[in-house]
Amino acid sequence: MVYLNCLSPSVEPRVSDHMPQIIDMIKQILDNGCAYNIDGDVYFSVDKFSDYGQLSGRKLEDNRAGERVAVDSRKKNPADFALWKSAKEGEPFWESPWGPGRPGWHIECSAMSAAYLGYFFDIHGGGMDLIFPHHENEIAQSCAACKKSNVSYWMHNGFVTIDSEKMSKSLGNFFTIRQVIDLYHPLALRLFLIGTHYRSPINYSDVLLENASDRVFYIYQTLHDCEEVLSHHNEEDRKDSIPPAVFSCISKFNEEVLLSMLDDLHTPVSVSALSEPLKTINDLLNTRQGKKQELRIESLAALEKAIKNVLSILGLMPTSYSEVLQQLMEKALKRAKLTEDQVLQKIEERTSARMSKEYEKSDSIRKELAAVGIALMDSPDGTSWRPAVPLSMQEQQISAA
């Protein structure tokens with residue numbers, strides 16, 4: 001959780017610790033005439049809740065019970081669902097006014113939500129597959145227990161697929177977060193995840209994660225370079241104004257992010273909006289002389305501040321750019337199955353080949369490293385390396401396009 005910049009939950013309740021609250025809620029529903037007891041099994045009567053189906057949009061007559069589980073013939077309506085199940089041999093049980101048993105699947109969530117948040121709260125989340133029947137039943141039983149019960153917003157996330165195939169343990173294509181961040185930086189994973197709207201299905205693939213990792217490196221390298229330049233200038237010496245073009249860039253950026261986040265947390269648009277201010281920073285960093293240098297430092301400071309603010313909102317703001325850049329490089333080496341010394345040795349071999357005018361060998365070394373995700377950059381100061389999307393994955397992207 002911490003690695004992904006996620007806040008830890010305030011409470012992580014366990015059903016077994018909340019049996020009194022569950023039993024009390026079932027009592028309320030029974031007292032309000034919305035449930036019935038048959039031989040120790042308590043069922044919710046969907047006919048007693050006229051708004052049943054309000055979340056999913058499904059009509060009661062459209063529900064076909066018994067397709068996956070045999071319908072209990074004792075039910076008044078096949079769609080009625082269990083609030084309490086009488087004990088069966090070999091199963092854990094708790095004592096209740098209706099005899100020993102255990103709670104139904106849905107009542108647990110309603111009782112624990114009410115215990116910590118009350119009957120009226122803002123946001124309830126879950127996967128798309130929980131809209132019906134789980135969340136539909138939660139609404140019915142919560143409202144049956146308390147008429148004022150209400151959730152302001154329901155947020156349902158899309159499914160995760162692996163290379164366009166549904167993630168499943170049975171298919172052997174299941175990955176844990178720990179396995180993923182062993183090879184990719186947690187912030188690269190976070191960028192990958194928020195690059196798709198939370199309601200849409202998200203396709204997990206090494207190609208997409210490589211792209212996210214490359215993008216994260218670009219963001220933090222740009223900000224690191226910007227920070228390095230700004231560190232040589234006192235804040236007191238800066239002017240208050242910035243050029244109109246830079247002001248316009250920042251205003252447009254802030255507006256795009258605000259509107260996209262107001263639009264059902266449309267994070268992909270916010271991520272995309274980072275491109276222009278980052279490009280502007282790089283243009284300013286590459287400006288060494290002439291009229292364009294006017295208010296350069298002020299512009300860099302304003303752009304960096306705007307970007308840092310949005311990165312904080314998206315949970316992508318690191319404590320140290322240099323630290324994350326180093327970690328991204330270490331992860332790239334691990335994926336490439338190389339050590340940094342081996343990469344530096346290859347750079348030396350390439351430099352020697354270039355000096356000897358062995359350009360074919362020089363190109364071969366560059367391609368060899370590029371194939372495993374190591375890019376070489378030549379400058380007047382020498383050759384350095386950085387993580388990049390491996391050539392084989394770039395080819396996959398081209399063929400897919």
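Is Asp 39 buried or exposed, judged by its relative accessibility?

Modeller: Keep in mind that this is a predicted model. Asp 39 counts as exposed, at 67% relative accessibility. The cut-off for that class is over 50%, so 67% places Asp 39 in it.

Now the backbone. Asp 39 sits in the loop between β1 (35-38) and β2 (41-44). Its phi is positive, about 50°, although Asp 39 is not a glycine. Most residues other than glycine have a negative phi.

Next, the side chain. Asp 39 forms a salt bridge with Arg 74. The closest N and O atoms of the two are 3.5 Å apart. This pair links distant parts of the chain, 35 residues apart. Asp 39 is in the loop between β1 and β2, and Arg 74 is in the loop between β2 and β3 (81-86). Arg 74 counts as partly exposed, because its relative accessibility is 30%. Asp 39, at 67%, counts as exposed.

That is the part you asked about. Here is the setting, starting with the other salt bridges. The structure holds 12 of them.

Lys 334 and Asp 182 form one, with the closest N and O atoms 2.7 Å apart. It also links distant parts of the chain: Lys 334 belongs to helix α11, Asp 182 to helix α4 (residues 177-183), and they are 152 residues apart. Lys 334 is partly exposed at 43% relative accessibility. Asp 182 is partly exposed too, with a relative accessible area of 37%.

Asp 283 and Lys 279 give a local case. Their side chains meet in a salt bridge at 3.2 Å, N to O. They are separated by about one helical turn, because they lie 4 residues apart in helix α9 (residues 275-285). Asp 283 counts as partly exposed at 40%. Lys 279 is partly exposed at 44%. Elsewhere, salt bridges with shared partners join Arg 350, Arg 354, Arg 366 and Asp 378 into one network.

Back to backbone angles. Asp 264 has a positive phi near 55°, and Asp 264 is not a glycine. Asp 264 lies in the loop between α7 (244-262) and α8 (267-273). Asp 264 counts as partly exposed, at 30% relative accessibility. Lys 337 has a positive phi as well, near 60°, and follows helix α11.

Stay with α11, the helix that carries Lys 334. Helix α11 (residues 321-336) has 16 residues. It reaches 23 Å from its first C-alpha to its last, close to the 22 Å expected at 1.5 Å a residue. Its buried residues include Tyr 321, Val 324, Leu 325, Leu 328 and Met 329. Lys 334 is partly exposed.

The bond from Phe 132 to Pro 133 is cis, with omega near 5°. Most peptide bonds are trans. Pro 133 is found in helix α3.

Helix α3 leads on to the strands. Strand β5 (residues 120-127) and strand β6 (residues 150-157) run parallel, joined by 7 bridges. The chain crosses from β5 through helix α3 (residues 131-145) to β6, and this β-α-β crossover is right-handed. Within the pair, Phe 121 stands opposite Val 151 in β6.

Another sheet is open and has 3 strands in the order β8-β7-β9, with mixed pairing. Its edge strands are β8 (165-166) and β9 (202-204), and each pairs on one side only. Strand β7 (residues 160-162) runs parallel to β9, and 3 bridges join them. In that pair, Thr 161 stands opposite Asn 203 in β9.

Last, the surface. Val 11, Tyr 116 and Leu 117 make a nonpolar patch of about 280 Å². Leu 117 belongs to helix α2 (residues 107-117).

To return to your residue: Asp 39 is exposed, has a positive phi, and forms a salt bridge with Arg 74.

Terms used. Residues are numbered from 1 along each chain as its sequence is written. This is a predicted model: local features need pLDDT of at least 70, side-chain atom pairs count only at pLDDT 80 or more; totals for chains, interfaces and linings use all residues. Side-chain values use heavy atoms; hydrogens and water are left out. Two strands pair if DSSP finds at least two bridges between them. Helices (H or I, at least four residues) and strands (E, at least two) are DSSP runs, numbered from the N terminus. A crossover is right-handed if, with the strands pointing away from the viewer, the path from the first strand over the helix to the second runs clockwise. Patches are made of residues with over 30% relative accessible area and no salt bridge: like charges are joined within 9 Å, nonpolar side chains (Val, Leu, Ile, Met, Phe, Trp, Tyr) within 5 Å. Accessible areas come from the Shrake-Rupley method with a 1.4 Å probe; for residues, only the protein chains shown count as cover. A salt bridge is a side-chain nitrogen of Lys or Arg within 4 Å of a carboxyl oxygen of Asp or Glu. The expected span of a helix is 1.5 Å times one less than its number of residues. Buried means under 20% relative accessible area, exposed over 50%, partly exposed in between (1.4 Å probe, protein chains only).
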